[in-house]
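Colleague: Please walk me through this model. I want each label set against its definition.

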Amino acid sequence: MSELNNKIIIVTGAASGIGAATALEVLAAGGKLAASDINWIPGSHILNSLESSPKAIRLDHDVSQTTAWNRVIDSTLATFGRIDGLVNNAGRAIAKPLEETSFEQWQTMADVNVKGVFLGCRAVHPAMLKQGGGAIVNVVSAAGIQYFPNMAAYSATKSGCASFTRAAMIDFAKDNIRVNGVMPGTVKTGMTTDLLDLPEFVESVINKHALKRAAEPAEIANVIVFLLSDEASYVNGINMPVDGGLTIT
Ligand SMILES: NC(=O)c1ccc[n+]([C@@H]2O[C@H](COP(=O)([O-])OP(=O)(O)OC[C@H]3O[C@@H](n4cnc5c(N)ncnc54)[C@H](O)[C@@H]3O)[C@@H](O)[C@H]2O)c1
């Protein structure tokens with residue numbers, strides 16, 4: 001397992017799925033955690049785990065709001081004194097044929113999947129600059145480079161996020177802040193629960209993954225934690241596929 005050695009990590013969208021798995025993995029790797037989400041579910045396993053950990057704080061946070069980012073940065077610095085890593089994981093996916101996708105749905109996905117990532121990178125920059133560096137991991141998607149029915153708006157936001165990740169790397173490298181992305185294939189989370197029950201989805205999407213299965217959230221979290229760690233000190237500006245072979249089939 002990659003080691004985080006008391007690094008202070010912010011994880012957005014930490015209340016479920018990949019974000020929750022990443023939050024737990026950060027703690028297991030010896031990191032300290034500011035876990036944020038717009039929708040914490042009372043009594044959930046992740047909420048209980050965070051509230052019982054002396055190394056974690058939990059924050060209410062809409063990643064599409066600048067002022068909400070200011071509060072997250074202030075709370076993290078007030079609690080832990082520094083920010084070593086940011087995982088821009090919060091995301092929205094609304095699967096619909098393009099002709100049935102409303103502008104509001106487009107905007108919702110763009111606000112979280114692109115604007116939220118931009119705001120997050122900008123928000124952590126001053127603290128990381130001051131302390132001499134840091135690492136950012138954006139959770140992109142294989143759908144940013146490979147295309148499926150009903151996903152045009154989502155794919156556009158994830159392509160934007162993938163491009164942003166690589167371009168942000170160029171601006172931040174001079175400050176010793178690494179910026180990378182992960183591109184998961186299909187992962188068993190709330191985002192895909194309904195889809196994974198549909199035989200046509202299994203046939204048309206899952207069977208396109210060379211491994212012929214969806215990932216567990218921890219299989220993505222492991223890679224995110226590696227990219228945050230010093231073991232990845234020379235990995236910069238990549239969007240790493242973590243997709244069971246989806247994007248080369
Ligand atoms: N599940 C998959 O198959 C898959 C594949 C590729 C990429 N992804 C990406 O992984 C990331 C995590 O998704 P997941 O699959 O764990 O889904 P999920 O729905 O389980 O988790 C997403 C989390 O983001 C939070 N969120 C949504 N809008 C927010 C906002 N405005 N501010 C703060 N938090 C917000 C939700 O409350 C939720 O807890 C997303 O960026 C998603 O696009 C998922």
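Modeller: Start with burial. A residue is buried if 20 or more other C-beta atoms lie within 10 Å of its own, exposed if 12 or fewer, and partly exposed in between, with C-beta atoms placed from the backbone. This is a predicted model, where local features need pLDDT of at least 70, side-chain atom pairs count only at pLDDT 80 or more, and totals for chains, interfaces and linings use all residues. Residues are numbered from 1 along each chain as its sequence is written.

Colleague: Which residues of α5 are buried?

Modeller: Ala-153, Tyr-154, Ser-155, Thr-157, Lys-158, Cys-161, Ala-162, Thr-165, Ala-168 and Phe-172. Helices (H or I, at least four residues) and strands (E, at least two) are DSSP runs, numbered from the N terminus. The buried residues of α5 pack against α4 (103-131), β5 (134-139), β6 (177-184) and β7 (239-242). Contact here requires C-beta atoms, placed from the backbone, within 7 Å.

Colleague: How do you know that the span of helix α5 agrees with its 22 residues?

Modeller: The expected span is 1.5 Å times one less than the number of residues. For α5 (residues 152-173) that gives 32 Å, and the end C-alpha atoms are 32 Å apart, so the two agree.

Colleague: What makes strand β2 largely enclosed?

Modeller: Six of the six residues of β2 (residues 32-37) are buried, so the rest of the structure largely encloses this strand. Lys-32, Ala-34 and Ser-36 cover one side, and Leu-33, Ala-35 and Asp-37 the other.

Colleague: Why do β3 and β7 count as edges?

Modeller: Two strands pair if DSSP finds at least two bridges between them. The open sheet of seven strands runs β3-β2-β1-β4-β5-β6-β7, with parallel pairing. β3 (56-60) and β7 each have a single partner strand, so one side of each lacks a neighbour in the sheet.

Colleague: How many bridges join β1 and β2?

Modeller: Five, in the parallel sense. Ile-9 has Leu-33 in β2 as its bridge partner. β4 (residues 85-88) and β5 pair over four bridges, also parallel. There, Asn-88 stands opposite Asn-138.

Colleague: What angle do α3 and α4 make?

Modeller: About 35°, with axes 10 Å apart. Axes are lines fitted to C-alpha atoms, for helices over the stretch in contact, and angles run from 0 to 180 degrees between N-to-C directions. Thr-66, Trp-69, Ile-73 and Leu-77 in α3 meet α4 residues Leu-119, Gly-120, Ala-123, Val-124 and Ala-127.

How values were computed:
Contact = placed C-beta atoms within 7 Å.
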